[in-house]
Amino acid sequence: METFDVVVIGAGPGGYPAAIRAAQLGASVAIVEKEQLGGTCLNWGCIPTKTLIAAADMLVRIQHAAAFGITVQGVSADYAAMIGHKDKVVAQLRDGIKQLLAANGIKQFASVASFQDRNTIALGDGTRLGAGKVIIATGSTSAMPGFLPRHERVVESRGFLAINSLPRTLLVLGGGFIGCELACMAASLGARVTIVELLDDILLLLDPDVRREVRGRMEKNLGIRVLAGKPLEQIAAASSGVRGHFGDEVLEADLLLCAVGRKPVTDGLNLENAGLKTNERGFIEADEYCRTRVPTLFAIGDVTGKIQLAHYATAQGIAAAENAVRQKPRRHDTIVPNVLFTSPEVGVVGLSEDDAKTQNRAVKTGKFRFAGLGKGLASGETTGFVKWIADAETDQLLGAAAVGPHATELIAEATTAIRAELTARELGRTIHAHPTFGEAWMEAAHVVHGECVHVPPKRRNF
Amino acid sequence: MAIPIIMPKFGQMTEQSSIVEWRKREGDAVAKGDILFTVETDKSVMDVESFEEGTLLKIVVAPGMNVPVQSIVAFLGQPGEAIPEGMASAPAPAVPTAAPARESGGAGLQAAQHARQRAPAMPVAAPAPVAPAAFKISPRAAALARECVIDSSRITGTGPEGRIIEKDVKACLKAKGYDRLRISPAARALAAREKLDILAIRGTGDSGRIGVADVQRALAEKPRPMGRMRQIIAQRLTQSVLTAPHFFVTVETDLTALVELRARLKAAGAPYTITDFISLAVVRTLQEFPDVNSATDGTTLRWNSHVHLGLAVSLEQGLVVPVVRNADELTLAELNARSKELAEKARNGKLGPDDMTGGTFTISNMGMLDVENFTAIINPGESAILAVSSTLQKPVVRDGQVVVRSILKMTLSADHRLIDGAMAARFINAVKQKLEDIELWKLLTS
């Protein structure tokens, strides 16, 4: 039996960085992956959707080129070609991971894995691996509720990305970020899209002002119908299409996309052989050091049920690898940006205004709209705003939201500022290059103190 | 017309009280039943509710002043309403006894009469005499220390008469490696607001950088005053331990029969608890041992003709001991009703000082807290206390056989100045015998 210092189960955005970090620290490492290197993120999540969304954005820009004096004729979109492009991008990145793992001397096994005991992993072909420490990074999979018919016209996100023709009409069940991103992409490419959300509104993780901005643009610019506050009932699928009832209204579409959440993957791991149990929701609980209740077992990423984001899994993975190999434990970071590739884009990080309200915490806010920026007008991208949430007494930047052009990129500055515990005053004094979208952060920081040059004063004292 | 708020009289014995804390500020709206302020008497701490509604116009008595009961402590009325002349601009008087009485009628007058009878009260919690701080540090030095968020009080001054001058602050910064200190801007802002010394905070961020979490930890670790109730408990218990030489006697009591009887009675609807049986057994035994029901200060003996039984009740914010007066005159049913009533009042914070004074002996019952045995500290003014632990199933030897019985351990703490070992042993065994005498309880509950 071959024995390793560290065995990582799952080669997604949590698992493969964990394996590489452990190898960097001198450990002998094996990684076991039952499907594709890169996991959900690279193969059926972040990367493929962003490739398609980039294509959709390009089409929209070309369609609006006339405003800049550019006339383009005969524009058409070939969805099958876009899917082909997406597959190429994914394959290239996957190959990159394979080479990185090899370059770090990590032994790769393409197999399912299960615990025989806490230090022994059995592979599908009966091979056994000895493991000093095990990092469980098995991720999650789309939940498909039992009330949905099993039919080729009813898909979750992974199934949706495998279809190489765009449906004419699309019904999206679930107004979370996966549902909204794919809805925006399909609508930009010409599909008629309806989103049905059981809760009172879509994107409830966002503050109301941010949510209003996104939903308004999705409805007005992309013609997406948003139906919220009631369930989709009596769902039926046939070869002609899908249908369902929203209250009294009957909704019909070519395809139903189910995006109601993700559930952890622990089937077949035989955790009980290692002395580990999942919690009542099926997740493996791990602390801020990524330690489970069993001293040699670590867990990271979606399977821990904390924040289901690739970059959070990566941060956990690197901390887990360090804690598995080194003696001195280190907590993983907890300031996690969240980005939505909707149209318009959204980036949020840290405390929201809603959070502050529930925590009864006194905060000040400062908001600045992109329409007030030279760069916004020059680029023809004036939708949305950035917003700071700062401690009312110490001026510490606690949270930020950006909605609009490049919001997913812009949130990086806010994340750095919040982690460094900067105050709004310091951020405001930081010179930002002109003309850029990033200036919005500086202006919004001045708004926190009512000292913004580019906003008229609230009350005139003369 | 503005309504005067009066310092209430809590109990017959209370002559003076002081306000610990105002729960409303001047200008706050006050509804009927709102808590206006917290009062401390020599016995306890209580919240005072408003009987009127309106706006708190003026606070006359600042926290920490000892004032006679019935004094005016504040005025309530409509916003902007005038308050009696002489009060509006007067700062909270250092000796506020006579001042309110002059101009206002009614209750104020009572206060005036009161004030004439007694010497003007002195503030109980006047700020400690402060050294002329302004001279000990130069303005430039103070400004620099403030800007650097460090504590200047620990800097050695080299100026005239040991005054701290700018040079001293700079030397301190250099000696302590201030220029190598790494701190996040928000952490610095928080430390400045809370007047912490950032040189005293240990950073746990990357490369030892001080973050907000470190400052918050330092804040949480900063000593702060205990609640008034806790302070009173601390003072009284310390006094007891230091003055009364405690010794302890433990007995094991077989409660099997009593527990069975109690279960039968309960099934039949009787309210009695095991605690009631213990209380009554103690009350009767105290009548047989008057010395245990007495108290001493070391030179004199105070004998009590009645048993006033204290029952320790644990609350979230501390411990209170309501007293069942004349417990020797009560039947088991009356004892049960009175104990229940007092415990209820204690939990609702409704005990007055008269409910908590004058005890001659106390029972502290931790039966519900799953303890084998413990010892209690004697209440000042008494000479013994009985600690009652949990009734536990135990193997014991009866007639040469090991059997399982319900066993209760009780420990008497006694003041050796008054009670000797033999007496304590006889006393606690007399309590034990009563509890084990099932015929007695059948008689008392029939």
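Predicted model: local features only at pLDDT ≥ 70, side-chain atom pairs only at ≥ 80, totals over all residues.
## Domains of chain A

## The H3–H4 pair in chain A

Two packed helices are described by the angle between their axes and the distance between the axes. For helix H3 (residues 46–63) of chain A and helix H4 (residues 79–103) of chain A, the angle is about 140° and the axes are 9 Å apart. Angles over 145 degrees would count as roughly antiparallel; H3(A) and H4(A) are therefore oblique to each other. Their crossing is right-handed.

From H3(A), the contact uses Ile47(A), Pro48(A), Thr51(A), Leu52(A) and Ala55(A). H4(A) supplies Met82(A), His85(A), Lys86(A), Val89(A), Val90(A) and Leu93(A). Of the residues in the contact of H3(A) with H4(A), eight are nonpolar, two are polar and one is charged.

## The five-stranded sheet of chain A

An open sheet of five strands in chain A has the order E18-E19-E22-E21-E20, with antiparallel pairing. At its edges are strand E18 (338–340) and strand E20 (363–369) of chain A, each of which pairs on one side only. On average, neighbouring strands in this sheet are turned by 10° against each other, direction ignored.

E20(A) runs antiparallel to strand E21 (residues 385–391) of chain A, and seven bridges join the two. One pair of bridge partners is Lys364(A) with Ala390(A) in E21(A). Helix H11 (residues 407–419) of chain A packs on the sheet and touches E18, strand E19 (346–350), E21 and strand E22 (397–403) of chain A. The direction of H11(A) makes about 10° with that of E19(A). Helix H13 (residues 439–448) of chain A also packs on the sheet, where its contacts are with E20 and E21 of chain A. The direction of H13(A) makes about 140° with that of E20(A).

## Domains and a sheet of chain B

For chain B, the assignment gives domain 1 (3–117), domain 2 (133–221) and domain 3 (229–445). The centres of domain 2 of chain B and domain 3 of chain B, taken over C-alpha atoms, are separated by 54 Å.

Chain B has an open, antiparallel sheet of four strands in the order E5-E4-E2-E7. Strand E5 (45–49) and strand E7 (66–68) of chain B each have a single partner strand, so one side of each has no neighbour in the sheet. Neighbouring strands are turned by 40° against each other on average, direction ignored. Strand E2 (residues 16–22) of chain B pairs with E7(B) in the antiparallel sense through three bridges. Opposite Gln16(B) stands Pro68(B) of E7(B).

## Contact between the chains

Nine residues of chain A contact nine residues of chain B. The chain A side of this contact consists of two nonpolar, three polar and four charged residues.

Methods. Residues numbered from 1 in each chain as written. Chains lettered and ligands numbered in written order. Axes fitted to C-alpha atoms, helices over the stretch in contact; angles between N-to-C directions. Parallel < 35°, antiparallel > 145°, perpendicular 65-115°, else oblique. Left-handed = near helix turned anticlockwise from the far one by under 90°. Contact = placed C-beta atoms within 7 Å. Nonpolar A, V, L, I, M, F, W, Y, C, P; charged D, E, K, R; others polar. Pairing = 2+ DSSP bridges. Domains from an automatic or database assignment.
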